[in-house]
Amino acid sequence: MNQKQLLWLLKLCSFLIFIGRAYEHLYWDAPFRTLLWDQNLFGGIVENIFNTSWNDYVTSKRLDYFIQNAIRINGLFYAFCAYLSLTIRNSSTFFLKTILTFGGFSLLFLSFLLSKSKFFHIAMFLEHAIQFGTPFALLYCINRKKTITKIVTPLKILVALTFASHGLYALGTFYPLPGKFVVMTLNIIPISECIVKRFLFTAGILDFIAVLFIFIPKLQKTGLIYACIWGLVTAFARVFSGFSYDISFSIIHQYLYATVFRIPHGLVPLLLFFIIKSTRNEKLIKSLNLNYVQ
């Protein structure tokens with residue numbers, strides 16, 4: 001793949017992340033209440049400054065209406081960032097680049113809120129590294145023409161953080177094994193719960209092996225191919241697991257957004273694979289041309 005095609009794939013990854021989150025915010029929910037309903041943070045302000053009891057605050061329909069609208073507005077913002085991801089270029093205005101930058105920071109803050117909702121599990125935050133890191137990788141390439149090969153190491157780190165964090169949950173030793181992992185697997189594969197847990201434990205081990213391989217030159221392609229396949233499998237598992245209940249639009253609608261913003265978990269490793277492959281081909285061609293001249 002040439003530089004233009006590689007950049008297009010990076011843009012597609014950024015687009016899918018933003019449009020998936022836009023879908024989630026516009027039709028479903030977001031963890032804003034995790035912050036706004038934190039009594040340790042806002043209890044004193046609510047009770048002492050606004051002279052309102054905490055119970056009245058958290059049960060206020062007016063506040064809930066505000067939160068819902070804030071979530072929808074953020075969804076529209078993500079949708080615009082998705083559009084910018086596909087259309088932005090080096091010649092785009094500073095204003096548009098700044099909007100996309102804020103989009104990246106908004107995804108970073110969303111990951112923080114998701115982590116907070118899980119008792120500040122660092123793995124929950126880092127599991128979203130590909131999602132909040134991809135827009136910044138895109139902005140770097142846009143601001144510096146034809147330098148996509150220079151983001152190999154940052155992208156490797158994003159992939160490693162995402163898969164290592166996912167692996168920590170799958171192992172079920174450092175963090176409790178998420179029940180949704182078990183339920184999704186049971187809904188797709190007709191096996192016992194005991195075997196599912198062993199399967200997920202093995203998947204966690206493979207996640208760490210893939211992370212290790214990614215940083216070993218002779219094994220990096222193998223690690224990236226595994227990450228690509230497993231990233232796409234875990235993304236589409238969200239939708240397919242719902243089919244065990246009913247194959248209908250409502251089921252697809254319920255799970256599709258989670259699939260969309262996770263597809264880059266498979267596409268970013270694929271992008272890395274193509275970048276490394278194209279870089280090696282360029283070096284090989286230069287070497288052959290040099291030997292021919294000599």
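This short talk covers a cavity and a helix pair in a predicted model.

Now for the residues around it. The lining is made up of E127, T162, F163, H166, W230, G231, T234, R238, R262 and H265. If you have the model open, look at helix 9, residues 152–171, and helix 12, residues 220–242: each of them supplies at least two residues of that lining. Which helix gives the most? That would be helix 12, with 4 residues.

Let's move on to the helix pair. Helix 1 spans residues 3–27 and helix 6 spans residues 94–117. Their axes lie 12 Å apart, and the two helices pack at an angle of about 60 degrees. Because angles from 65 to 115 degrees count as roughly perpendicular and those under 35 as roughly parallel, helix 1 is oblique to helix 6. The crossing of these two helices is left-handed.

Who makes the contact? From helix 1 we have I17, F18, R21 and H25. Helix 6 answers with L100, G103, G104, L107, L110 and L114. Sorted by type, the residues of the contact between helix 1 and helix 6 are 6 nonpolar, 3 polar and 1 charged.

Conventions. Residues are numbered from 1 along each chain as its sequence is written. This is a predicted model: local features need pLDDT of at least 70, side-chain atom pairs count only at pLDDT 80 or more; totals for chains, interfaces and linings use all residues. Side-chain values use heavy atoms; hydrogens and water are left out. On a 1 Å grid over the protein atoms alone, a cavity is a set of points where a 1.4 Å probe fits but cannot get out, and a pocket is an open set with protein on both sides within 12 Å along at least five of seven lines; lining residues have an atom within 4 Å of a point. Axes are lines fitted to C-alpha atoms, for helices over the stretch in contact, and angles run from 0 to 180 degrees between N-to-C directions. Angles under 35 degrees count as roughly parallel, over 145 as roughly antiparallel, 65 to 115 as roughly perpendicular and the rest as oblique. A crossing is left-handed if the near helix is turned anticlockwise from the far one by less than a right angle, and right-handed if clockwise. Contact means heavy atoms within 4.5 Å. Ala, Val, Leu, Ile, Met, Phe, Trp, Tyr, Cys and Pro count as nonpolar, Asp, Glu, Lys and Arg as charged, and the others, Gly among them, as polar.
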